[in-house]
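Welcome to this structure. Please have a look at the sequence and the model, and then follow along as we walk through some of the details.

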Amino acid sequence: MAIKTLTIDGDQYSAQEGETILTVMRQHNIPIPTLCHLEGLSTVGACRLCVVQVEGIPKLLPACTTRVEEGMVIHTATDKLKKYRRMIIALLASEGNHVCAVCVANNHCELQELAYQVGLVRVRYPYLFPKKSLDATHKEYVMDRNRCVLCTRCVRVCDEVEGAHVWDVAGRGINCEIVTGLDDAWGKTETCTSCGKCVMVCPTGALFEKGVTVAEMEKQKGFLKYIITARQKKEWVSFTDGQ
Amino acid sequence: MNQEIKNKLRVATVWLGGCSGCHMSFLDLDERLIELADKIQIVYSPIADVKEFPADVDVTLVEGAVTNVENEEMAHIVRTHSKYVVSFGDCATTGNVTAMRNRFPNEELLDRAYKELADICYSIPNDNTLIAQLCQQAIPLHHLIRVDAFLHGCPPTPDEIWFAINELLEGRIPIFKTQFLRYG
C-alpha cells in the first residue's frame with residue numbers, strides 16, 4: 001500500500017493510502033474534537049466538529065471522512081476553525097433542551113465536555129426550547145429526545161454491531177428525530193434485543209438506564225472495542241483498554 | 001461617608017428567576033465573607049434591606065433567568081446603574097431549570113401551580129401588583145441586556161465566586177479558565 005506524506009499544523013507525517021486525516025491525527029495524538037465519530041462504527045461526518053482547512057481547497061473538510069493525499073497541507077486549529085466549532089456546539093445547545101443541572105449524564109456528557117473544550121461561555125443564538133418527546137416504554141431504558149444531538153451513534157451501533165437496526169432517523173431538517181422501529185414505542189418493537197449498546201454509545205443523557213438520577217448515568221464505551229477486536233482479531237482485550 | 005467606605009467596591013446582587021441557590025453559595029464563602037467585608041460594600045441584595053437599586057454600582061451579580069416582567073424591568077435598571085454586570089450561575093447564563101417551563105403555555109403552568117397543586121384557594125392570582133406577570137418565555141440574561149462576564153455552575157462554587165470577585169477587585173473582568181467553565 002502506498003505511503004502518503006502530508007503536513008499537519010506545520011509538522012510532517014506519513015500515512016497509508018486510504019487512511020483518513022482523523023486516523024492520522026489520532027495516531028499522533030493531535031487533539032481535535034469529535035462527536036458523531038466513534039471508533040468501531042462507520043463514519044458519517046454529521047457533526048462537522050472535526051472540520052479542518054486544507055490548503056488549496058476553498059471549503060472546510062471533515063477530518064473523519066477525508067482521506068489523506070500526497071502533499072496535503074492541513075491546518076486543524078486556526079482561529080476560524082475554533083470559532084466554527086464553538087458555533088456548532090452553541091447551535092446544538094440552542095436547538096435541544098440541554099439542562100445539565102437536572103440531567104442523568106451531568107459530568108459524564110460528551111456535549112458538556114465539548115462545550116468546555118471549545119470554550120462555550122454563553123450561547124448567543126435564541127434557544128428554541130423545542131417540544132420533544134420522551135419514550136419510557138422499554139423495560140430497561142429510556143429515550144429522551146430533548147437531549148438528543150442526532151449523532152446517530154445509536155442507529156449505527158444497533159445496525160452495524162448488534163445487527164438489529166431498531167433505531168433510525170425520521171423527519172427532515174430541524175424536525176429530524178431518532179425513532180425506534182417504524183416510529184413505534186420502543187417497548188413495542190419486536191427487533192430490540194435489549195442489549196443496551198445504544199445507551200452506552202450515546203454521548204449525552206438522551207439514552208439512559210431506568211432508575212438512574214441526576215449525574216448517575218456513566219457510559220461504558222469500552223465494550224465496543226472489546227466486541228470488535230474479538231470479532232475481527234479473535235483477541236479479548238479488557239473493557240477498560242477500549243476507553 | 002468616610003474615606004474607607006468611599007474606596008470600597010460597590011457590589012450589588014440581584015435575584016431574578018432562580019432558586020436562590022447561587023446566593024446560598026455566595027454565603028458559603030463563610031469566613032471569607034469577613035475578609036470580603038473589608039474590600040466591598042454590598043449596596044443592594046436580597047440579603048440586605050435596601051429598597052431601591054442604587055446608582056453608580058461597580059459590579060452586579062445577577063442570579064436567575066429573566067422570567068417575568070418584574071425581572072425584565074430589574075435587568076434594565078441593573079444595566080443602567082452598573083459598570084459591570086455578571087451573569088451569576090446557570091439560570092442567568094442559559095435559562096437552565098427556570099427555562100424548562102418554556103415548552104408549556106403560561107395558562108397551563110398557572111393552572112398547574114395555582115389550581116391542580118393547591119391545597120387552599122384554588123384560583124390564579126390576577127392582581128399583577130402582587131405577582132408579576134410571566135413573560136412568554138424565560139430567557140438568559142444576556143439575551144435581554146449586555147452582560148460582561150459569566151459565572152457558571154448550578155450553583156457556582158464558593159471558590160469560583162471568590163475567584164471572580166477577586167478578579168473584579170483587581171479591576172479585571174474575570175476570564176474563567178476551563179476548570180471554571182462548567183454547566184450543571
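Strand 1 (residues 3–8) and strand 2 (residues 11–16) of chain A run antiparallel and are joined by six bridges. Within this pairing, Lys4(A) stands opposite Ala15(A) of strand 2. The two strands form a hairpin with two residues between them. Asp9(A) is found in the loop between strand 1 and strand 2 of chain A, and Asp9(A) has a positive phi of about 50 degrees although it is not a glycine. Asp9(A) counts as partly exposed because it has 14 C-beta neighbours inside 10 Å.

Keep in mind that you are looking at a predicted model. The model scores ipTM 0.90 and pTM 0.93. Chain B averages a pLDDT of 92, and 95% of the residues in chain B score at least 70.

**Domains and chains**

How is chain A divided into domains? The domain assignment gives domain 1 (3–77) and domain 2 (93–242). Taken over C-alpha atoms, the centres of domain 1 of chain A and domain 2 of chain A are separated by 25 Å. Where the two meet, 11 residues of domain 1 of chain A are in contact with 16 residues of domain 2 of chain A. On the domain 1 side of that contact there are eight nonpolar, two polar and one charged residues.

Chain A also meets chain B: 18 residues of chain A are in contact with 20 residues of chain B. The side of chain A that touches chain B divides into 12 nonpolar, four polar and two charged residues.

**The nonpolar core**

The largest nonpolar core has 100 residues, and those with the most contacts inside it are Cys154(A), Cys198(A), Leu207(A), Val62(B) and Val86(B). This core draws at least three residues from each of domain 1 (3–77) and domain 2 (93–242) of chain A.

Leaving aside residues up to four places away in sequence, Cys154(A) touches Trp167(A), Ile178(A), Cys198(A), Val201(A), Cys202(A) and Leu207(A).

Is Val201(A) buried or exposed? Val201(A) is buried, because 24 other C-beta atoms lie within 10 Å. Not counting residues up to four places away in sequence, the residues that Val201(A) touches include Leu38(A), Val157(A) and Leu224(A). Val201(A) and Lys219(A) are 18 residues apart along the chain, with their C-alpha atoms separated by 7.1 Å.

**A three-stranded sheet**

Chain A has an open sheet of three strands in the order 6-7-10, with antiparallel pairing. Its edge strands are strand 6 (134–135) and strand 10 (207–209), each of which pairs on one side only. Two bridges join strand 6 to strand 7 (residues 141–144) of chain A, and Asp135(A) stands opposite Met143(A) in strand 7.

Pro130(A) and Arg145(A) are 15 residues apart in sequence and 9.9 Å apart in space, C-alpha to C-alpha.

**Surroundings compared**

Here are some residues from the two chains, listed with their surroundings.

| Residue | Other C-beta atoms within 10 Å | Class |
|---|---|---|
| Val201(A) | 24 | buried |
| Pro130(A) | 15 | partly exposed |
| Glu73(B) | 12 | exposed |

Glu73(B) is found in helix 4 (residues 69–81) of chain B. The C-alpha atoms of Glu73(B) and Lys83(B) are separated by 18 Å, and these residues are 10 residues apart along the chain.

**Some backbone details**

Most residues other than glycine have a negative phi, and most peptide bonds are trans. Against that background, a few spots deserve a look.

Ser194(A) is not a glycine, although it has a positive phi of about 60 degrees. Ser194(A) lies in the loop between strand 9 (177–180) and helix 5 of chain A. Ser194(A) counts as exposed because it has 12 C-beta neighbours inside 10 Å.

In chain B, which peptide bond is cis? The bond from Cys154(B) to Pro155(B) is cis, with omega near -5 degrees. Pro155(B) is found in the loop between strand 7 (149–151) and helix 7 (158–169) of chain B.

Methods:
Residues are numbered from 1 along each chain as its sequence is written. Chains are lettered from A and ligands numbered from 1 in the order in which they are written. This is a predicted model: local features need pLDDT of at least 70, side-chain atom pairs count only at pLDDT 80 or more; totals for chains, interfaces and linings use all residues. Domain bounds come from an automatic or database domain assignment. Two residues are in contact if their C-beta atoms, placed from the backbone, lie within 7 Å. Ala, Val, Leu, Ile, Met, Phe, Trp, Tyr, Cys and Pro count as nonpolar, Asp, Glu, Lys and Arg as charged, and the others, Gly among them, as polar. pLDDT is the predictor's confidence in each residue, from 0 to 100. A nonpolar core is a set of buried Ala, Val, Leu, Ile, Met, Phe, Trp, Tyr and Cys residues joined through C-beta atoms within 7 Å. A residue is buried if 20 or more other C-beta atoms lie within 10 Å of its own, exposed if 12 or fewer, and partly exposed in between; C-beta atoms are placed from the backbone. Two strands pair if DSSP finds at least two bridges between them. Helices (H or I, at least four residues) and strands (E, at least two) are DSSP runs, numbered from the N terminus.
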